[in-house]
Amino acid sequence: MSYVDEIYTRVVEQNPGEPEFHQAVKEVLDSLRLVIDANEEIYRNAALLERLVEPERIISFRIPWVDDAGKVQVNKGYRVQFNSAIGPYKGGLRLHPSVNQSILKFLGFEQVFKNSLTGLPIGGGKGGSNFDPKGKSNREVMAFCQSFMTELSKYIGADQDVPAGDIGVGGREIGYLYGQYKRMTGLYEGVLTGKGLTYGGSLARTQATGYGLVYILDEMLKHNGKELAGKTVVISGSGNVAIYATEKAQQLGAKVVALSDSNGYIYDKDGIKLDIVKQIKEVRRGRIKEYVKEVPTAVYTEGKGIWTVPCDIALPCATQNELNLEDAKSLKSNGCFAVAEGANMPSTREATDFFLENGMLFMPGKAANAGGVATSALEMSQNSQRLSWTFEEVDAKLKDIMVNIYAKTADAAKRYGVEGNYVAGANIAGFEKVAEAMMAQGVV
């Protein structure tokens with residue numbers, strides 16, 4: 001049995017009941033087989049893969065808080081500090097009922113390679129809770145966040161672990177978390193990113209993941225003799241990533257015709273009116289179906305099915321494993337030629353394999369959605385220097401980072417004889433930097 005297969009078998013045996021984590025590890029290890037096999041003796045002697053797939057630390061704790069009815073509620077909280085070989089742990093906090101250790105380990109593992117690809121000195125981590133902010137009052141969200149940070153503050157710091165937002169954690173939640181951290185520690189430091197502009201946040205951070213997704217998509221298309229202008233695009237989700245991917249795609253001349261949320265999806269043949277979506281989602285915190293009340297020519301469909309909408313380009317920006325093999329086949333049969341992932345692992349392994357086997361351009365999430373964490377690292381830099389850069393400065397740096405990620409990904413794939421396979425390229429390019437740092441630092 002090869003070293004790669006041994007490690008995957010070990011992961012499954014030692015982490016039972018964690019399918020998302022198993023999926024993420026298998027996808028990465030399969031891509032790395034070319035590199036590992038060429039250096040097997042060195043890596044095996046250093047137990048490199050054993051260390052790579054095992055988080056440095058997992059912190060699990062209870063979060064008691066009081067709701068508006070005066071009843072005590074208890075949630076589970078986690079922080080997975082996966083790998084700090086190239087910098088302090090960096091990765092978001094997710095608040096959603098589906099959060100469990102498997103999902104956070106998969107996200108933390110992916111984050112290691114994503115952060116490496118940015119070229120910035122940040123390691124990989126992830127955290128969150130099974131708390132659901134939907135339907136909660138501002139006071140309830142504040143009570144939860146303060147209790148969560150009371151425990152989390154013991155394990156994070158500007159040079160140790162710097163969380164950010166993720167699903168369910170926006171500007172409101174980051175504000176409450178930061179206020180409690182400052183209260184607990186007495187430190188005014190860049191311990192969280194995604195902060196408000198009045199207390200250390202960075203311009204362009206809100207737009208970063210969506211903009212970065214479109215920047216790397218545009219780069220991939222250019223290098224394959226195509227262009228974004230004039231193309232029809234379908235985007236799943238209607239949160240931060242989807243909204244700003246829509247905005248940038250429209251700025252570059254594409255027509256976005258569909259968006260979704262967990263209830264269903266809208267189709268607007270004339271192109272999504274983004275100002276209306278922003279009002280519904282960012283101001284009213286409403287559901288995407290409200291769009292058709294203001295745009296009667298649009299169509300709302302309950303449930304799944306957004307990937308049956310004909311398009312040239314698909315950008316899954318909602319959640320993990322939202323796009324399966326049947327969806328991939330629908331996209332292909334309806335003329336889609338390019339897919340770039342705005343969410344973390346939104347395509348199942350079968351869907352990913354289908355895209356690659358059928359010659360579709362496919363950019364995986366660890367490369368395509370790295371713009372968010374890259375701009376978070378730029379926020380850390382600004383905090384450390386006590387500076388604030390302009391929107392244009394941050395946006396230019398973001399675009400450079402995404403162009404460089406494409407170049408690294410394409411180069412790694414070409415070097416190992418799988419040119420055009422950006423899944424392999426992203427995993428190899430991310431791994432090489434982390435592996436070199438781990439080997440240099442000894443058995444730790």
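Mentor: Start with the second largest cavity, whose lining has 2 nonpolar, 2 polar and 2 charged residues. Here Ala, Val, Leu, Ile, Met, Phe, Trp, Tyr, Cys and Pro count as nonpolar, Asp, Glu, Lys and Arg as charged, and the others, Gly among them, as polar. The model is predicted: local features need pLDDT of at least 70 and side-chain atom pairs pLDDT 80 or more, while totals for chains, interfaces and linings use all residues. Residues are numbered from 1 along each chain as its sequence is written, and side-chain values use heavy atoms, without hydrogens and water.

Trainee: Which residues line the second largest cavity?

Mentor: Rolling a probe the size of a water molecule over the atoms shows where empty space is left. A cavity is a set of points, on a 1 Å grid over the protein atoms alone, where a 1.4 Å probe fits but cannot get out; lining residues have an atom within 4 Å of a point. In this case the lining consists of Arg10, Val11, Gln14, Asn15, Val53 and Glu54, around a volume of about 30 Å³. A volume is the space filled by probe spheres set on the points, which are joined across faces, edges and corners.

Trainee: How many cavities of 30 Å³ or more does the structure hold?

Mentor: There are 2. Helices (H or I, at least four residues) and strands (E, at least two) are DSSP runs, numbered from the N terminus.

Trainee: Which element gives the largest share of the lining of the second largest pocket?

Mentor: A pocket is an open set of points with protein on both sides within 12 Å along at least five of seven lines. Helix 15 (residues 371-385) gives 5 residues, the largest share. This pocket has a volume of about 250 Å³. Among its 15 lining residues, Ala158, Asp159, Met380, Ser381 and Ser384 lie nearest its centre.

Trainee: In what order do the 5 strands of the open sheet run?

Mentor: Strands pair if DSSP finds at least two bridges between them. The order is 1-2-4-3-5, with mixed pairing. Strand 1 (57-66) and strand 5 (161-165) are the edges, each pairing on one side only. Strand 1 runs antiparallel to strand 2 (residues 72-83), joined by 10 bridges; phenylalanine 61 stands opposite glycine 77 in strand 2.

Trainee: What is the order of the open sheet of 7 strands?

Mentor: That order is 9-8-7-6-10-11-12, again with mixed pairing. The edge strands are strand 9 (299-302) and strand 12 (361-363). Strand 6 pairs with strand 7 (residues 255-260) in the parallel sense over 3 bridges, and valine 234 has alanine 258 of strand 7 as its bridge partner. Strand 7 is joined to strand 8 (residues 264-267) by 3 bridges, and these two run antiparallel. There, serine 260 has tyrosine 265 in strand 8 as its bridge partner.
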